Amino acid sequence: MCHTSKVWHNYAIHSFIFAVIRKTPLPVTYCYMPKSYKHLFFDLDHTLWDFDKNSAASLKTLYDEYNLKDRGILDFDALFKAYTYHNDRLWERYRKGFIKRDELRWKRMWLMLLDFKVADTSLAHELSIAYLEILPTQTLLVPHAKEILEHCKGRYDIHLITNGFETTQRLKLQYSGIARYFNMLITSERSNSMKPHPDIFAYALKAANAVAEESIMIGDAIDVDILGAINAGWDTVYYNPFGVKHNRKPTYEITHLEELMRIF
Ligand SMILES: [Mg+2]
């Protein structure tokens, strides 16, 4: 149990004893005594690893290498916006099982190019392969990601639950220098299930030798990380840097990762 939890625990016990002696109602704080967690399960993309910046850097490299300007695509920012749009929508379809991995990978490039009236299937396939080679070697992390991992190291068992692909996610961890912080890497590819499906959370508990009551999920996707973990009976931290409106009930909600210092 961490120092803060111990102090809170002692305070709660004393409040309880005084309330019983005085025959007064229990203080509200007693009801909100935080749990003592043993296992922290982080999401990777957009939560620790800065997916947007790393993705933009990768695509910019390809934009220059493949001379996409000469194909009439004059504005890189517009290209990246188109990529993000199609990637998000295709991931949604992939999560729901409507399309396979390979279709997701090349079609996001194909649709992006089509937005600029470049109908070139072989270029889309080439870009898809090159992008996947470059992306996991990018190293930008979300602000305070490394500090919070360092802060929690040795005090909790730290794991990852990610809907990404096994090889890609391992490379991201190695290149960005955070692989050493994690005990278990649970990917959708390995567990054969994707967040928010309860199977991946059950798989994660088994792999980490953990129980739901001592586990907490930290992630940026309200309907994927947070809803999935809530349905599995876990506590949650919703990392919501853009203040997205929602009607879910995470245990905690933060806008900066450094706020985790107050929880853990
Ligand atoms: Mg994420």
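**Group meeting: helices and cores of a predicted chain**

In helix 11, the residues Ile222, Asp225, Ile226, Gly228, Ala229 and Ile230 are buried. By "buried" I mean that 20 or more other C-beta atoms lie within 10 Å of the residue's own; with 12 or fewer a residue is exposed, in between it is partly exposed, and C-beta atoms are placed from the backbone. Helices (H or I, at least four residues) and strands (E, at least two) are DSSP runs, numbered from the N terminus.

Please bear in mind that this is a predicted model: local features need pLDDT of at least 70, side-chain atom pairs count only at pLDDT 80 or more, and totals for chains, interfaces and linings use all residues. Residues are numbered from 1 along each chain as its sequence is written.

Let me stay with helix 11 for a moment. Its buried residues pack against helix 10, strand 4 and strand 5. Here, two residues are in contact if their C-beta atoms, placed from the backbone, lie within 7 Å. After helix 11 comes Gly233, with a positive phi near 85 degrees.

Now the chain as a whole. It has 12 helices and six strands, and 34% of its 264 residues count as buried. Of the contacts with a separation of 6 or more, 60% are between residues 24 or more positions apart.

I turn to the cores. A nonpolar core is a set of buried Ala, Val, Leu, Ile, Met, Phe, Trp, Tyr and Cys residues joined through C-beta atoms within 7 Å. The largest one holds 45 residues, of which Leu40, Phe42, Leu48, Ala204 and Ile216 touch the most other members. Two or more residues come from each of strand 1 (39-42), helix 7 (145-152), strand 2 (157-162), helix 10 (198-208), strand 4 (215-219), helix 11 (222-231), strand 5 (235-239) and helix 12 (260-263). Which element gives the largest share of this core? That is helix 10, with five residues.

As for Phe42, once its neighbours within four places in sequence are set aside, this residue is in contact with Thr47, Leu48, Ile158, Leu160 and Ile218. There is also a second, separate core of 11 residues, including Leu59, Ile73, Leu79 and Ala124.

Next, the helix pairs. Axes are lines fitted to C-alpha atoms, for helices over the stretch in contact, and angles run from 0 to 180 degrees between N-to-C directions. Angles under 35 degrees count as roughly parallel, over 145 as roughly antiparallel, 65 to 115 as roughly perpendicular and the rest as oblique.

Helix 4 (residues 76-95) packs with helix 5 at about 150 degrees, and their axes are 8 Å apart; the two are therefore roughly antiparallel. On the side of helix 4, Leu79, Ala82, Tyr83, His86, Asn87, Leu90, Trp91 and Tyr94 take part, and they meet Arg101, Leu104, Lys107, Arg108, Leu111 and Met112 of helix 5. This contact has nine nonpolar, two polar and three charged residues. For these classes, Ala, Val, Leu, Ile, Met, Phe, Trp, Tyr, Cys and Pro count as nonpolar, Asp, Glu, Lys and Arg as charged, and the others, Gly among them, as polar.

Helix 5 (residues 101-114) in turn packs with helix 6 (residues 121-134) at an angle of about 125 degrees, again with axes 8 Å apart. The pair is therefore oblique. Arg105, Trp106, Met109, Trp110 and Leu113 of helix 5 meet Thr121, Leu123, Ala124, His125, Leu127, Ser128 and Leu132 of helix 6. By class, these are eight nonpolar, three polar and one charged.

Helix 6 also meets helix 3 (residues 51-65): the axes come within 9 Å and cross at roughly 135 degrees, so this pair too is oblique. Ser58, Leu59, Thr61 and Leu62 of helix 3 face Leu127, Ala130, Tyr131 and Ile134 of helix 6. Six of the residues in this contact are nonpolar, two are polar and none is charged.

I close with some backbone details. Lys195 and Pro196 are joined by a cis peptide bond with omega of about 10 degrees, and Pro196 lies in the loop between helix 9 (188-191) and helix 10.

Is His46 buried or partly exposed? With 16 C-beta neighbours inside 10 Å, His46 counts as partly exposed. This residue, in the loop between strand 1 and helix 3, has a positive phi of about 75 degrees although it is not a glycine. Asn209, another non-glycine, has a positive phi of about 55 degrees; its place is the loop between helix 10 and strand 4, and with 11 C-beta neighbours inside 10 Å it counts as exposed.
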